[in-house]
Amino acid sequence: MLIALFPGDGIGPEIVAQAKRVLDALAIDGLTYEEGLVGGAAYKAVGHPLPPATLDLAKRADAILFGAVGDPDCDSLERHLRPEQAILGLRKELGLFSNLRPAKVFPELADASALKHEVASAIDLLIVRETNGDVYFGEKGMRKTPEGLREGYDIMSYNEEQVRKIAHQGFQAARARRGKLCSVDKANVLETSQLWRDVVIEVSADYPDVALSHMYVDNAAMQLVRNPGQFDVIVTGNMFGDILSDQASMCVGSIGMLASATLNDSNQGLYEPIHGSAPDIAGQGKANPLATVLSAGMMLRYSLGLPEQADRIEAAVAKALADGARSFDLGGTMSTVEMGDAVLAALA
Ligand code: IPM
Ligand code: MG
C-alpha cells in the first residue's frame with residue numbers, strides 16, 4: 001500500500017516527520033512511502049502549488065498524509081498560485097468531499113481548554129464537513145460596480161446531489177456513534193442553506209434511528225461554547241465547517257490536537273491536522289505533532305483497514321499525555337521531537 005507524504009509549508013515538515021516515526025515504529029508490513037511537493041514549497045521549487053507530479057502521486061496513492069500549506073511569502077501571488085490551492089485542488093481532483101473532524105477531550109487536557117472544566121470534559125463530537133462545494137469553489141472574481149467601486153465576489157452554491165452525499169455521511173457517522181445528527185446551516189438567510197435543509201430532511205427518511213436536528217450557524221457557534229456536550233455529529237457545508245472546526249479545537253484545549261480525514265467514494269483519503277502551517281513558529285521545534293500523529297491513526301483506520309494499529313496510536317497519544325507530555329500550545333516546554341519521543345515511548 002502506497003502512502004503519499006506531503007509535508008508542505010511552515011511546521012508541516014516537522015510534524016509529518018514525527019507522524020512518520022510513529023508509523024515506522026508500528027512496523028506494518030507492505031507500507032511504502034513517496035514524498036511530494038505541495039503548497040508554497042512546491043511553488044518555490046517548481047512554480048506551482050500542486051505540480052502534476054504531486055497530483056499524479058496523490059491519485060496513485062492509497063492514502064495521503066498531509067502536513068500544512070500556507071506561506072506569507074506567497075500571499076500576494078495570483079490566487080491560483082497560492083499554497084492553499086494545493087489542498088483545495090487535491091480535495092477537488094480526487095473527489096475528497098467528506099471531511100471528518102473529531103473533537104474529543106483527553107481528560108488530562110481539560111484544563112487546557114478555554115472552557116470551564118465541566119463544560120470541556122463533556123466534548124465528544126464529530127464535525128462532518130463537505131469539502132467539494134460551497135463558496136470555496138463557486139465563481140469568484142473582482143469587478144467594478146457601475147459607480148466604479150472595486151467589488152469582490154464569491155458565489156455560494158450547493159446542488160442537491162452534493163448535499164445528499166454529505167448528508168448520508170453524516171447520518172451514517174451518527175448511526176455508528178450516539179445516533180444524534182445536527183445539521184448546521186443559515187436557512188433563515190441563504191437559499192443554499194434552504195436547499196441544504198430540505199435535502200437533509202429528505203435523506204433522514206432513510207435513517208429513522210437517527211435523531212435529526214437543525215441549527216443556524218450563529219447559534220451553533222454559541223452552543224459550541226455554551227454546551228458542547230449536546231453535540232454528537234454535526235453535518236455542515238464547507239465554509240461553516242471550516243470555522244466551527246477551528247472553534248471546536250480550542251474548546252478541547254488546543255488546535256494542535258485535532259486530526260482529520262477527508263474521504264472520497266472509494267475510501268481513498270487525505271489525512272491532515274486541522275491546523276495550518278503556523279509560519280510564526282516554523283523551524284523552531286515548537287509545533288505540537290499530535291494532531292498529525294492522530295491523523296496517521298485515522299489513515300490506518302479509514303483507508304488502510306488497520307483498526308488495531310489505529311487503536312495503538314490513539315492509546316499511545318493518550319498515554320503520552322497522561323505521562324505528562326506537553327508541547328508549548330499545551331502549556332509545556334517539550335519540543336516537536338520530544339513529543340514524538342513521548343509517543344514512541346508510550347507505544348513500546
Ligand atoms: C482547513 C484549512 C483550509 C480550508 C485552507 C488551508 C485552505 O483552513 O483545512 O480547515 O479552508 O479548508
Ligand atoms: Mg480551516
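**Ligand 1**

I began with the arginine contacts of ligand 1 and found an oxygen atom of the ligand 2.7 Å from an N or O atom in the side chain of Arg 91. I count a polar contact as a pair of N or O atoms within 3.5 Å; within protein, one must be able to donate a hydrogen and the other to accept it, and residues adjacent in sequence count only if both atoms are side-chain atoms. The model is predicted, with pLDDT of at least 70 needed for local features and 80 or more for side-chain atom pairs, while totals for chains, interfaces and linings use all residues. Residues are numbered from 1 along each chain as written, chains are lettered from A and ligands numbered from 1 in written order, and side-chain values use heavy atoms, without hydrogens and water.

I then looked up Arg 101, where a polar side-chain atom lies 2.8 Å from an oxygen atom of ligand 1. For Arg 129, I noted 2.8 Å between a side-chain N or O atom and an oxygen atom of the ligand.

**Nonpolar cores**

I searched for sets of buried Ala, Val, Leu, Ile, Met, Phe, Trp, Tyr and Cys residues joined through side-chain atoms within 4.5 Å; buried means under 20% relative accessible area, exposed over 50%, and partly exposed in between (1.4 Å probe, protein chains only). The largest such core holds 84 residues, and Leu 65, Met 257 and Leu 300 have the most contacts inside it. Helix H10, residues 290–302, is its main contributor, with seven residues. I take helices (H or I, at least four residues) and strands (E, at least two) as DSSP runs numbered from the N terminus. Because domain 1 (1–97 + 264–348) and domain 2 (98–258) both give residues to this core, it lies between them; the bounds come from an automatic or database domain assignment. Apart from it I found another core, of 21 residues, with Leu 50, Leu 94, Tyr 136 and Leu 270 among them.

**Asn 264**

I located Asn 264 in the loop between strand S11 (259–263) and strand S12 (269–273). Its relative accessible area is 9%, so Asn 264 counts as buried. The side chain of Asn 264 reaches the backbone oxygen of Leu 94 at 2.9 Å. With contact taken as heavy atoms within 4.5 Å, and residues up to four places away in sequence left out, Asn 264 touches Leu 94, Gly 95, Leu 96 and Phe 97.
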